[in-house]
Amino acid sequence: MSSEMASFPRGIAPDLLLSQVRNTMPYLWEALGVAMAERFPPAKLVLETPDLTSRKLDHFEYFRLCVSAHYLTCGTPVPTDVDNQIRHKLWPAGLPLETALAMASLVVDSRQWDFRTVSERNEIGAFGTPQASDWIAGHRGEWFTLAAGAYCALLRYSSQEAKLKREELSTEIRAEVSRHSEVFGSLWRAEDGLGCLRASAIIAHNFGDLDRVMDMWELSFADPLRLECYKLTAQPFDSDRKLRHLGRLWVAGELYKSAIGDTSMASENHRHFALRKPRSLRRRREFLIPLGPFFDSWGETVAKGLANPEGMPSEDSLEVIAALKHGWDRLPKTVGYGRALRAFYSLHPELDRSDQTQNPYRQATLELSREEFERTWSRAALAHMDEIPSRAE
């Protein structure tokens, strides 16, 4: 790449960015990191490029580093804050076509990376269907934002190369949209209520991100990509009153917002600021936060992982318990943190829970078995999906 690239504006310094990655996922630099590097190119880049911060990176190299750091950390308690750089700011007017094409090619390639390596916010298609070997993930929403940003940036160029790359990006985006629709459709047909709920959270997040980047770039409402892929979870019909993707993505968006008891998937899948404080939650890959409110298994994993050698609660255990209580205080109608606390109390029955059981709502949440909790949510999801199509206008 041209040496003039250094003149384009940048954000965070590379060494500081890498320190932030190390801060939120220190296990990448431990034995697990070797296996992660074999499966996930961003991990390989960070671990196997020792001179990454000792020399001046050209624009493409800096972009690749920011993309890698974002993909590595956006599923961790404290993600790096380079979202707007890789979606917009690192695609400035005047960027040489050669560099823009290389950046766009990296984005296209990254769609095939296995994001399950660094995230627990994933869902596979229904068992026994062609989609059983396919999956969607919250990280694919991050990919949507990069792909849409690259597509919009390349609209500045009139060359045939830029046109072909835009068409490639558009094809990839449409294919990813179809993947989300097919996975959700398989779960719906299989009457997998929990799978539909988890997929709805992923779909609502991912298509919300796609919409925001189109808006950020002020992509023309007449652009074919916007006409086909904008507001897919908010508008079931196209301009000709034809269902978009059989209405599945819109149903997923409605399911995400639908009330289950006093809460919803939208309420449960917030940014979990309360869990950023306990540093012990950054210590191990298996402590990554899954899709809420299904925190029973995660709570059990964390409770066992943080117990001291005698099997008793450690100081780290108590800090996580305090964070869960604080988070529940801030969002009292949710249940996810209660499900995690239930796992801690089950492992450590000697813990005092009287501050929670004085509240009837919390006591009921803590007493409900995992089987009954998940059965209730699954039934509610299926009931909503029977009703949601009638809302279409």
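## Glutamate 254 and arginine 391

Glutamate 254 counts as buried (under 20% relative accessible area, with over 50% exposed and the range in between partly exposed; 1.4 Å probe, protein chains only), its relative accessibility being 12%. Arginine 391, at 29% relative accessible area, is partly exposed. Their side chains meet in a salt bridge, with 3.0 Å from N to O. A salt bridge here is a side-chain nitrogen of Lys or Arg within 4 Å of a carboxyl oxygen of Asp or Glu. The pair links distant parts of the chain, 137 residues apart: glutamate 254 is in helix H11 (residues 248-257), and arginine 391 is in the segment after H18. Helices (H or I, at least four residues) and strands (E, at least two) are DSSP runs numbered from the N terminus.

The model is predicted, so local features need pLDDT of at least 70 and side-chain atom pairs count only at pLDDT 80 or more, while totals for chains, interfaces and linings use all residues. Residues are numbered from 1 along each chain as its sequence is written, and side-chain values use heavy atoms, with hydrogens and water left out.

## Other salt bridges

The structure holds 27 salt bridges. One of them joins glutamate 123 and arginine 198, whose closest N and O atoms are 2.7 Å apart. Glutamate 123 belongs to strand S1 (residues 122-124) and arginine 198 to helix H9, so this pair too links distant parts of the chain, 75 residues apart. Glutamate 123 counts as buried at 8% relative accessibility, whereas arginine 198 is partly exposed at 23%.

Arginine 283 and aspartate 316 form another salt bridge, their closest N and O atoms being 2.9 Å apart. Arginine 283 sits in the loop between H12 and H13, and aspartate 316 sits in helix H14, 33 residues apart. Both are partly exposed, arginine 283 with a relative accessible area of 40% and aspartate 316 with 25%. Elsewhere, salt bridges that share partners join Arg111, Asp134, Arg140, Glu172, Glu176 and Arg179 into one network.

## Nonpolar cores

A nonpolar core is a set of buried Ala, Val, Leu, Ile, Met, Phe, Trp, Tyr and Cys residues joined through side-chain atoms within 4.5 Å. The largest one has 96 residues, and those with the most contacts inside it are Phe63, Leu72, Trp91, Leu169, Phe184, Leu197 and Trp377. Helix H9 (residues 193-216) gives the largest share of this core, twelve residues.

Leucine 197 is in contact (heavy atoms within 4.5 Å) with Leu255, Ile260, Met265, Phe294, Trp377 and Ala381, not counting residues up to four places away in sequence. A second, separate core of 22 residues includes Val302, Val320, Ile321 and Phe344.

Helix H15 covers residues 336-347. Its twelve residues reach 17 Å from first C-alpha to last, close to the 16 Å expected; the expected span is 1.5 Å times one less than the number of residues. Nine of the twelve are buried, so H15 is largely enclosed by the rest of the structure. Among the buried ones are Gly336, Tyr337, Arg339 and Phe344. What covers them includes helix H13 (296-306), helix H14 (315-330) and helix H18 (370-387).

Histidine 348 lies in the loop between H15 and H16. Its relative accessible area is 0%, so histidine 348 is buried. Histidine 348 touches Ala303, Ala307, Gly311, Met312 and Pro313, again leaving out residues up to four places away in sequence.

## Pocket and cavity

On a 1 Å grid over the protein atoms alone, a cavity is a set of points where a 1.4 Å probe fits but cannot get out; a pocket is an open set with protein on both sides within 12 Å along at least five of seven lines, and lining residues have an atom within 4 Å of a point. About 910 Å³ of space lies in the largest pocket. Of the 32 residues lining the largest pocket, Cys74, Arg121, Glu142, His205 and Arg271 lie nearest its centre. H9 supplies the largest share of the lining, seven residues. Helix H5 (83-89), helix H7 (138-154) and H9 each supply at least two. In H7, 17 of 17 residues are buried.

The whole structure has one cavity of 30 Å³ or more. Glu268, His270, His272, Phe295, Thr334, Gly336 and Tyr337 line the largest cavity.

Technical notes. Points joined across faces, edges and corners; volume = space filled by probe spheres on them.
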